[in-house]
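Take a walk through this structure, one residue at a time. Keep the sequence at hand as you go.

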Amino acid sequence: MEPPPPAPGPERLFDAHRLPGDGFLLLALLLYAPVGFCLLVLRLFLGVHVFLVSCALPDSVLRRFVVRTMCAVLGLVARQEDSGLRDHRVRVLISNHVTPFDHNIVNLLTSCSTPLLNSPPSFVCWSRGFMEMDGRGQLVESLKRFCSSTRLPPTPLLLFPEEAATNGREGLLHFSSWPFSIQDVVQPLTLRVQRPLVSVTVSDASWVSELLWSLFVPFTVYQVRWLRPVHRQRQEGNEEFALRVQQLVAKELGQTGTRLTPADKAEHMKRQRHPRIRPRSAQSSYSPSPGPSADVHQATLAQQVKEVLPHVPLGVIQRDLARTGCVDLTITNLLEGAVAFMPEDIPEGTQALPTASAPKESLQERKQALYDYARSVFLRVPQEIHRQAGPGGGLSSEQQDGTQSRRTEAGAALTHLTTGWMGGWCRGRDGAPPRSH
């Protein structure tokens, strides 16, 4: 029996770029651009009429037919499969999440309501077709009361347990358990979205930009497929119920269910916007010209790190500097334990900062070690001034500049090291792994 394929990472679940990477598709997009801009302007005016019609007509089969036809003119095509499996007695619908308009598309096929999470009630919330809720704290109780109401016809809830949109190609985010605590039976549905020329959705795009791109491209096809209702098993918790439905939806889509959450998506987007490690092309900017000067510059940087951390082998420092190209990042990696090394014997009279390899020391002891190091750094400078001055008591301008430069560099390095080391210690205390740069 073959082992299951590994779950895809966040880089495969979220698209970072809208435009295609293929040269032929990019050329086709450039040729289509004039037509797309004309469609965008025309569809913006038609979209206003679609919004007014959807607000004027009451919720009925006639309204859904008219609005669905007008949306097809806007390039938003809604299709459904296995509609006979739709059980109108089920009050909770579960779907995967791809675009900011998934609930609008499903609402064109069947009457449903979707609450907007993490956003206060407003006109924008209502105009986008969301159900206004007072707050996340009372959300589950409010939804339970909504589902237990006896009004006719009953309006089911459409919920997205992923709580964040993916590209809809590789896998599903972890299903939250709260949608499965509302009722003991849910009806899942799968949603596939196809769009030519550009990506369906981008991880950090707003709903306004997604709407403009939807009106720009020739069409966007939403394919909805209904699945059979799923009942909670005896003594089955909300987490197990959510996991079982996630696996069912993922299998129907031909994808993989992951344990990634919206927090992982936010962290992935943050890393994309602020990469911590400079690329090789950027590192080369430190060297004015190739050749021996690059080796000299690298040796100078390594010596600066060696002066601050004399117990770290020089080879380890040089290897990490070749990867980061920055003295600050290398020092932080060594202090936080991101780079493994065997400490060297420190010459007598030399002091070094403590690293994260002494887990048994208390916080106060580590603080005191940092303070002792700071005191030794700044007391050593006046002693050197006295030695350099000699019997005459005067310093040359070059000696004064060098002394001031060393004091400034020592203070800046100590401030950075103290902040980085304390952050790494706090993260280690909370149980999180040290941050690698």
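Is lysine 306 buried or exposed? Lysine 306 is buried, at a relative accessible area of 16%. Here buried means under 20% relative accessible area, exposed means over 50%, and partly exposed lies in between (1.4 Å probe, protein chains only). The model is predicted, so local features need pLDDT of at least 70, side-chain atom pairs count only at pLDDT 80 or more, and totals for chains, interfaces and linings use all residues. Residues are numbered from 1 along each chain as its sequence is written, and side-chain values use heavy atoms, with hydrogens and water left out.

Stay with lysine 306. This residue sits in helix H11, residues 292-308. Helices (H or I, at least four residues) and strands (E, at least two) are DSSP runs, numbered from the N terminus. Setting aside neighbours within four places in sequence, lysine 306 is in contact with Val312, Pro313, Leu314, Ile317 and Glu344. Contact means heavy atoms within 4.5 Å.

Now turn to glutamate 267. Helix H9, residues 262-273, holds glutamate 267. Its relative accessibility is 39%, so glutamate 267 counts as partly exposed. Glutamate 267 and proline 10 are 257 residues apart in sequence. In space, their C-alpha atoms are 9.5 Å apart.

Next come the charged pairs. Side chains of opposite charge can pair when their charged atoms come close. A salt bridge is a side-chain nitrogen of Lys or Arg within 4 Å of a carboxyl oxygen of Asp or Glu. The whole structure has 10 salt bridges. One of them joins arginine 225 and aspartate 82, at 3.1 Å from N to O. Arginine 225 lies in strand E6 (220-226), and aspartate 82 in the loop between strand E1 (76-81) and strand E2 (92-95), so the pair ties together parts 143 residues apart in sequence. Arginine 225 is partly exposed at 30%. Aspartate 82 is partly exposed too, at 37%.

Arginine 89 forms a salt bridge with aspartate 87, with the closest N and O atoms 3.1 Å apart. Arginine 89 is exposed, at 71% relative accessible area, whereas aspartate 87 is buried, at 18%. Arginine 232 and aspartate 184 also meet in a salt bridge, 2.9 Å from N to O. That pair links distant parts of the chain, 48 residues apart. Arginine 232 is in the loop between strand E7 (230-231) and helix H8 (238-253), and aspartate 184 in the loop between strand E4 (171-172) and strand E5 (185-194). Salt bridges that share partners join Asp82, Arg225 and Glu252 into one network.

What about the cysteines? A disulfide here is a pair of cysteine sulfur atoms within 2.5 Å. The search finds 0 disulfides. Cysteine 112 is buried at 9% relative accessible area, and cysteine 147 is buried at 4%.

Last, the cores. A nonpolar core is a set of buried Ala, Val, Leu, Ile, Met, Phe, Trp, Tyr and Cys residues joined through side-chain atoms within 4.5 Å. The largest has 25 residues, of which Leu158, Leu189, Tyr222 and Val224 touch the most other members. Helix H2 (23-56), helix H3 (61-73), E1, helix H4 (102-109), E5 and E6 each give two or more residues to this core. H4 gives the most, with 4 residues. Another core lies apart from it, with 22 residues, among them Met131, Leu139, Val249 and Leu253.
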